[in-house]
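Hello,

I am passing a structure on to you, with some notes on what turned up in it. Please have a look at it first and then read on.

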Amino acid sequence: MAYRRALNLLPRGKQFIFRVFQKPPNAISQTLRFHMNNPCSRTRNLHTATPLMVAKLLSAEELFAMRSLQGYLKKMEMEYSECLRAVNSSETEEQFSEDELRAKRTKVSLLAPLIQSIRELEAKQKEVTETETLMKDEDPALRELAELEREGCLQDIQDLSQKILDLVIPEEDADMSDLVLEVTAGVGGQEAMLFTAEVFDMYQGYAQHHGWSFDLLEHMTSDLGGLRHASASISGPQCYKRMKFEAGVHRVQRVPKTEKQGRMHTSTMTVAVLPQPTEISFTINPKDLRIETKRASGAGGQHVNTTDSAVRIVHLPTGVVAECQQERSQLKNREKAMKALRAKLYSIKLEEATSKRYNQRKLQIGTRGRSEKIRTYNFAQDRITDHRIGMTVHDIKSFLLGEDLLEEMNSSLQEFSNQETLMELLEESNQDSS
Amino acid sequence: MWRRCLSAGCRRFGLKGIWGSHAVRRCSAPALPAGRITALQAGDLWRSHFVENGVTEPDHSTHYIIAYLLGAKTIESLEQGKLTELLSREKTEQMWQLCTKRLSRMPVQYVIEEWDFRDLTLKMRSPVFIPRPETEELVELVLRDLEETGVGADEQRTCLEVGCGSGAISLSLLNSLPQLKAIAVDQSQAAVDLTRENASRLGLQDRLQVYHIDVMKDAETFLSLCSSVSALVSNPPYLFSEDMMTLDPEISRFEDHAALDGGKDGLRVIRQILTLAPQILSSPGRVYLEVDPRHPTLIRRWVEANVEEMHYVETQQDITGRPRFCILQKEKSNKDHKLDLD
């Protein structure tokens, strides 16, 4: 949030101030690397495997200075007027089929807000030029007025530019989904499990911070109060859109509670964020499932009264397993296990689709987010560093509450990702037209 | 096959049962600890005590009791760290009381006096039958049909449950379908009382009528109360009388045998329900029954031979793949068929 605000504080005299995140030592001149894929149906990852990844966030002003963005906006305007002409003239000329017309009408209504903003921006830019002539006037009162007016305009331009960028950047398919969060302890034994529990709690706090629901699905604790593995279903506005940046390997460096000699350990845990598919978008054949319960042996029914209501579901073709024993009702456990299973299978499907696309394009990017080391929590220095954007914040205790500090980190990731997406889009648009 | 498995089980359980009942008199609860202990320690202590005394499901039993004591439903959903906090004196005593009950082989559901069925938490009290997970699926089947056919919402639909016990089936249906009304009957006053209590706890009492009727003895009163219902649902007593000897002490000592024992072939109440069904159901109303896996073929044959107006629709399996549910439908009589043709 703070960063977004910083971006908007731009007009200061004649110069725009843009914020630079961090300049890594090996900065290369082309500041952003893009991977390309189909903007219509994508799974977007921040590619992080490469150490050459340069973390610099461009301001809206800088982006608008890019020829490719200007070109893209021109192209959109042309498309819009062409579609509009077709829609309006259709009655007399009738050269389009009904389907074509419908597509064009949809296009018009889709593009309308963008075109509207572009025109407003142009109008504001004209105003600025006008005020600049007034500023050369002899009357000091008039000059002061013009100065004021100009500042207002620049602010409006800034807002409109941001709005245009937001409109241009496409949403990811799964952005509107709910999700299943999975945490798993990695290297480091009990210490890794303790850290896993802390991170899981952090996301529970984060969900609460955003007013999302957080429904426990699996929870396997260790003897010392740590977590081997846990999952939860999260739903609420924009939950996937935000949580997806948390997926990957989180590393902790500290002296564990279990350590007798005061040595520093490095342990890891993994976060997976799986979009929860809707019933319609993803179906599973019931014949492919084996459902295991305690009641499978013996006679069942009225013959038996067992309180073991745990349910385990195996997807036979893939061997993927989900289980739940959170609830006293066996049916509820089955529903929850099913939810977890669906999310797991769906994410495998998405992953396959994504990697296929990347392979086709022969692009070298890191494997799926979950195997990449994304963040380090260093207790001795009381800092958290996100390796994808080279951002560091301090105060681990507050960070682990899952409130403002995590939000700040998350927003930055969001902005970087948006910029990456924009660059991809422009690149593609360039290729199309050349 | 079935027979053989069952009788083997019978011998094993039978022995255990007898031994268990002696054991109860001999074994007593472990002494209340002098100092304060954590929930985890209390749990470990009782768990091993349960194991020593042959109490079934020692882990789950202690877990559910601890969870209940600490205000959660399952130990998995308890807050981190609560298990390792020291219990207050009061809680420790309560834990000892509840676990001592379990030591006498009282089912956990009666010990903590509640259990979950689908979306509902229901009050449980001995000797009223404790709903089994299979019955959650029976409700699923009924709901599936009622939701499918329930497009015309003007029509007031009623369902009838025979042998309502704690009220689990009727209350779940009412909870899921806000337009539905239900009639529930049971031969046991304790069951009728518990169903009413659960209904008012859940705020569903306005759409539910509960009657104390024995359908075996008082068919006439039964018929006078219910007519043209859309669905007749029942989890009737369906155990074969000989299997009554093989039950765990949790069931045989604490649950109402009248809710379990279905006579020699387990069909005593089922036959009565199917005989009365045509006079109760609207056309085309359906009967949904939970039964023993040996029953579906027997029921189909019996209905085809004895109840002209009922048509056997299908057998459904429970999630373990056993034939567990029978669905039958009231057929239009021959006379109606002719009218249709005109």
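Axes here are lines fitted to C-alpha atoms, for helices over the stretch in contact, and angles run from 0 to 180 degrees between N-to-C directions. Helices (H or I, at least four residues) and strands (E, at least two) are DSSP runs, numbered from the N terminus. This is a predicted model, in which local features need pLDDT of at least 70 and side-chain atom pairs count only at pLDDT 80 or more, while totals for chains, interfaces and linings use all residues. Residues are numbered from 1 along each chain as its sequence is written, and chains are lettered from A and ligands numbered from 1 in the order in which they are written.

In chain B, helix H2 (residues 39–52) packs against H3(B) at an angle of about 145°, the axes being 9 Å apart. Among the H2(B) residues that meet H3(B) are Trp46(B) and Phe50(B); contact means C-beta atoms, placed from the backbone, within 7 Å.

H3 (58–69) is also one of the elements giving two or more residues to the side of chain B that touches chain A. In that interface, 39 residues of chain B are in contact with 26 residues of chain A.

Chain A has an open sheet of three strands in the order S8-S9-S10, with antiparallel pairing (two strands pair if DSSP finds at least two bridges between them). S8 (289–293) and S10 (320–324) of chain A are at the edges with a single partner strand each, so one side of each has no neighbour in the sheet. The twist averages 15° from one strand to the next. S9 (residues 311–315) of chain A pairs with S10(A) over five bridges, and His315(A) stands opposite Val320(A).

Best wishes

Notes
Two residues are in contact if their C-beta atoms, placed from the backbone, lie within 7 Å.
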